[in-house]
Every structure is written in C-alpha cells, then in structure tokens.
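Student: I have this structure open and would like to talk it through with you, piece by piece.

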Amino acid sequence: MKQIVKPIKDSWVLSAVQQSLKEDFKTGQRNYTIFQVGKATLLRVSDVLRLKKSDVYDERGRVKRNAYIIDKKTRKPNTLYLKPVERDLEDYFDWLEKYQQENPTDPVFFSEWLFPSFTHPDKHIDEKRYYMIMHKVGEKLNINYLGTHTMRKTGAYRVYQQTNHNIALVMKLLNHSSEEMTLAYLGLDQDTREHILDTIDFG
C-alpha cells in the first residue's frame, strides 16, 4: 500500500517534527537542515540531497543569495532564493566544522556534498536513508503521513496559506502545469475546499 504524504498544516506539529529531526539523531543538524532547505526552496528531495557546498556557500563559507541548479526530474534550470534559510545554513556550516574537529577521521566537512552521508562522505545521503529518518520521526510522534516529500509539500502549503491562497504563485514555485495538480499536491481535499468556501462572501 502506497503511503500518502501530506503537508504539515499545524505549526505545533511542524515544531515537533523539526525538534525531533534535530535532537533525536547523531546527525540531527544535517537532518533538520535538509528539511528546512526543502521546505524553503520547494525543491524535490532528489534535488535537495544533490546540492553541493559550492552551490550554497562562497569561498569564505558565507551563504550565497541564490543557488543555480538544474532540476533532476524536469532538466530545467532553477534559481533558488536562500535568504529564508540563511541562518539555518550558517548554523549547519558551524556544526559541520565542529563535528569535523571532534571526529577527525570522518571527513564530512570536506565532502563536496552539502548533505554528505556520514558513513560514506564522498557520497550524499540518499533518499532511502532520509525516508527512514522521516519515518522514525513519524513513528515517535505518531504521525502517519511523513515522508521525503513532506518538506516540499509543507513549504508549498505555507506559501499558499500566507499569500492568501495565491495558487498561481505556488504553481510556479512547484513548476506544475495545472492548478488542479497543485491543489491535489497541497492536500486540499473536499473538507478543506468547503472550509475555504465557507469564508467566501458570495453576495
């Protein structure tokens, strides 16, 4: 049975997921930063995990304003705005540096990948491993809809809510070809649609 992955709609649930990602794993800061970057850039997980340090940091280790990548699935160029996750990426850089000093035999800080595997630092963490991390968080918090797409869906949902339901913007950010596809992706089921209709003054 295929798992249904939904956006996290409640802020308190989001906070609990973020806290668990950060605190319940040895590689917590990495896991948390993956989630934050995915949520703020609306990238597919495959593209988040394939980011390189040079995409995100300049030669002095400062976070760039933009990252320029080619989407793996669509092969289209994509410009990422990194300001919303600048602080998270700064904290992550410092954490990686400190981890490296405390574990000199694990060359994770020197890996070209932004989110290296801690067992094979010459490779990035793979989707299967990140799915297992999200699954463990879901089990701990008793949330049955977490998966690797949670961060992208949550970011899209938050943009939708906080821009007064600007579906055209969300569509563009997700690179979708129809509003119907975007609404389905956001998990806007019949109940949600009816709740939105309840707030409309039809005159």
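**The strand pair**

Tutor: Helices (H or I, at least four residues) and strands (E, at least two) are DSSP runs, numbered from the N terminus. Residues are numbered from 1 along each chain as its sequence is written, and side-chain values use heavy atoms, with hydrogens and water left out. This is a predicted model, in which local features need pLDDT of at least 70 and side-chain atom pairs count only at pLDDT 80 or more, while totals for chains, interfaces and linings use all residues.

Student: How many bridges join S1 to S2, and do they run parallel or antiparallel?

Tutor: Strand S1 (residues 66-70) and strand S2 (residues 77-81) are joined by 5 bridges and run antiparallel; two strands pair if DSSP finds at least two bridges between them. They form a hairpin with 6 residues between them, and Arg75 in that turn has a positive phi of about 65 degrees.

Student: What is the mean pLDDT of the protein?

Tutor: The mean is 91, and 97% of the residues reach 70 or more; pLDDT is the predictor's confidence in each residue, from 0 to 100. Among the elements, helix H2 (residues 28-41) has the highest mean, 97, whereas helix H10 (residues 190-198) has the lowest, 75. Where pLDDT is low, the predicted coordinates should not be read in detail.

Student: Switching topic, how many helices and strands are there?

Tutor: The secondary structure comes to 10 helices and 2 strands, and from the N terminus on the order of elements is α-α-α-α-β-β-α-α-α-α-α-α. The radius of gyration, 18 Å, is close to the 17 Å that the globule rule gives for 203 residues, so the protein is as compact as a globular protein of that length. That radius is taken over C-alpha atoms, and the rule is 2.2 Å times the number of residues to the power 0.38.

Student: Back to H2, then: is Thr33 buried or exposed?

Tutor: Thr33 lies in helix H2 and counts as buried because its relative accessibility is 0%. Buried means under 20% relative accessible area, exposed over 50%, and partly exposed in between (1.4 Å probe, protein chains only).

Student: Which residues does Thr33 touch?

Tutor: Not counting residues up to four places away in sequence, Thr33 touches Asp88, Leu89, Tyr92 and Phe115, where contact means heavy atoms within 4.5 Å.

Student: And where is the place of Tyr145?

Tutor: Tyr145 is in the loop between helix H6 (127-141) and H7, and with a relative accessible area of 18% Tyr145 is buried too. The C-alpha atoms of Tyr145 and Phe109 are separated by 32 Å, and the two residues are 36 residues apart along the chain.

Student: Which residues of H7 are buried?

Tutor: Among them are Thr150, Met151, Tyr157 and Tyr160. After H7 comes Asn164, with a positive phi near 60 degrees.
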